[in-house]
Structure formats: structure tokens, C-alpha cells
Amino acid sequence: MQNESAPGARGPVFCGVDTHADSHWLCVLDWRGRKVLSRQFPADAAGYEALAGAIAAAGEPACVAMEGTSSYGAGLTRHLASLGMPVREALSPARTQRRRPGQGKCDEADAERAARAAMPGSRLGTPKSQDGWVDGVRCMLAARSGAVKARTSAINTARSLLTTAPEGLRSRFRGMGGPRLMEELPSVRAEGALGAALGALADLWAAARDAALDMERAIEASLEENCPALLAMYGCGPVSAAKLAVAAGDNPGRLRC
């Protein structure tokens, strides 16, 4: 679970973290690029504290380069940032280089690669803020996306059932668009098992439609309060504006022209 080498002299250190759902691997290098520490920590509150303590014990962190600052590493990013540690976003190795066939992923090596990227001269990104209004918009955008997928799935499933339905039932809905079809399907709810299934799909569709609309209204209200300029852009509706806000995060300096 741990591998330590080269005694660390007190002074500036460069750190790299490879993040995962259940554990994070930390690598610490001294100013000469010598490995001071390489260890795995649990991805929970206690693990965050232990990892931060290991960095502080090794020296003064000049930079902590972390993969997945907006996903698996979001919690650790917030914790280290709250302690005043300079966290930067490192690109995943999968994006920057291809592995040879048969070469598996090595968390320890990926953490060291991130640590070396933290040393001067490397290009790193600025992590997105995870505690502002933009993160709320991100959550609502994700919920809306799920509702839209559920709405589309309900339509597709209903059409599939109607494809093999008796001709009398199928002909009643032939040529209807998706929304009108789902609005009309409750009329066959009492017509046996097929009617009950179609009625249930119509209920699911209506609930998903309403949920998506509720999220769009909430997203628009948040944008109007916090960044009305995005909504004022020509042809930019609430969903498109929300995606732009999420791409930039609470720190728009992440996006460069």
C-alpha cells in the first residue's frame, strides 16, 4: 500500500495525485525531482486529512497537480484548497499519450507523472470551483439531462410496443409525433395489459417532461441572478448558457481565447 524512498529534505515539494473512487495515490518530489513519498490513501475525509498531513510533513507544497479535480478528486481538491495548498489540474495520461497494447494502468506511476508535471515549466489547468452557484447549475443541468433521457426513452419504448400491437390499436396512433402520442396514450390505459403498459409510459413521460421544465426554469433563474450576460447573448438559451457556465466554472480565467 505504500512505497517511500529518498529521504525528504524540508523545503519546496511538488506533488501529484492520481484519483479514483475509493483511493487516491500521492507522489511527492523534492525540488531536484527526487521521490520523497509515494503512498495510497483512502478517498474519504480521514484519507484527505492523512494525505494533506503527508504533504505538509514532506515540505512546503509549491504545487499539487491532481487528475480528476472535477470528478473523483473533487472532495480532495476542496479539502486541500481549504488548507491553502496550490492545487492545479493535471491532464490524464490517457489524454496525452497512448499506452502500448498490454500495458496496464499503474496508479503509482500516474501519480509520479502528475508530480513531475507540477514542477516548473509544465502546463497545468486551473481546477473548477466546486462550491459556487455554477456547481448548482451543473447539478441542475445533470438532472435535466437525466429527465430528457427518460422522456425520450419512454417515447421509444411506447413506439416499440405499438409496432407489435393489434392493428386496431396501432392505427389509432399512426403518424403521431412523440409529444402528442404520449398525451393520447392514457386513453388506452384500461385496454388490457398493453394499454396499462402504454399508460404507465405516458405517466413516466409526463413526469420526466415536467422535471426537465422545472430544471430549465431553475437554471434560467440562477443565470439571471448570477450571470445575465450569458442569457443576453444572441441565440443562447438557458441550457446553452448553463453549459458555457459549467465549462468555465466559477473562475472564467480557465477559458482562454
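Helices are DSSP runs of H or I with at least four residues, and strands are runs of E with at least two, both numbered from the N terminus. Glu112 belongs to helix 4, which covers residues 107-117. The model is predicted, and local features need pLDDT of at least 70, side-chain atom pairs count only at pLDDT 80 or more, and totals for chains, interfaces and linings use all residues. Residues are numbered from 1 along each chain as its sequence is written, and side-chain values use heavy atoms, with hydrogens and water left out.

**Helix 4**

- The side chain of Glu112 forms a polar contact of 3.2 Å with the side chain of Lys35; a polar contact is a pair of N or O atoms within 3.5 Å, where within protein one must be able to donate a hydrogen and the other to accept it, and residues adjacent in sequence count only if both atoms are side-chain atoms.
- Leaving aside residues up to four places away in sequence, Glu112 touches Cys27 and Lys35, contact meaning heavy atoms within 4.5 Å.
- Asp110 also lies in helix 4, and its side chain is joined to that of Arg113 by a polar contact of 2.5 Å.
- Asp110 is buried, at a relative accessible area of 1% (buried is under 20%, exposed over 50%, partly exposed in between, with a 1.4 Å probe and protein chains only).

**Cysteines**

- With a disulfide defined as a pair of cysteine sulfur atoms within 2.5 Å, the count is zero.
- Cys63 is in no disulfide, and the nearest cysteine sulfur, that of Cys15, is 8.1 Å away.
- Cys63 is buried, with a relative accessible area of 7%, whereas Cys139 is partly exposed at 40%.
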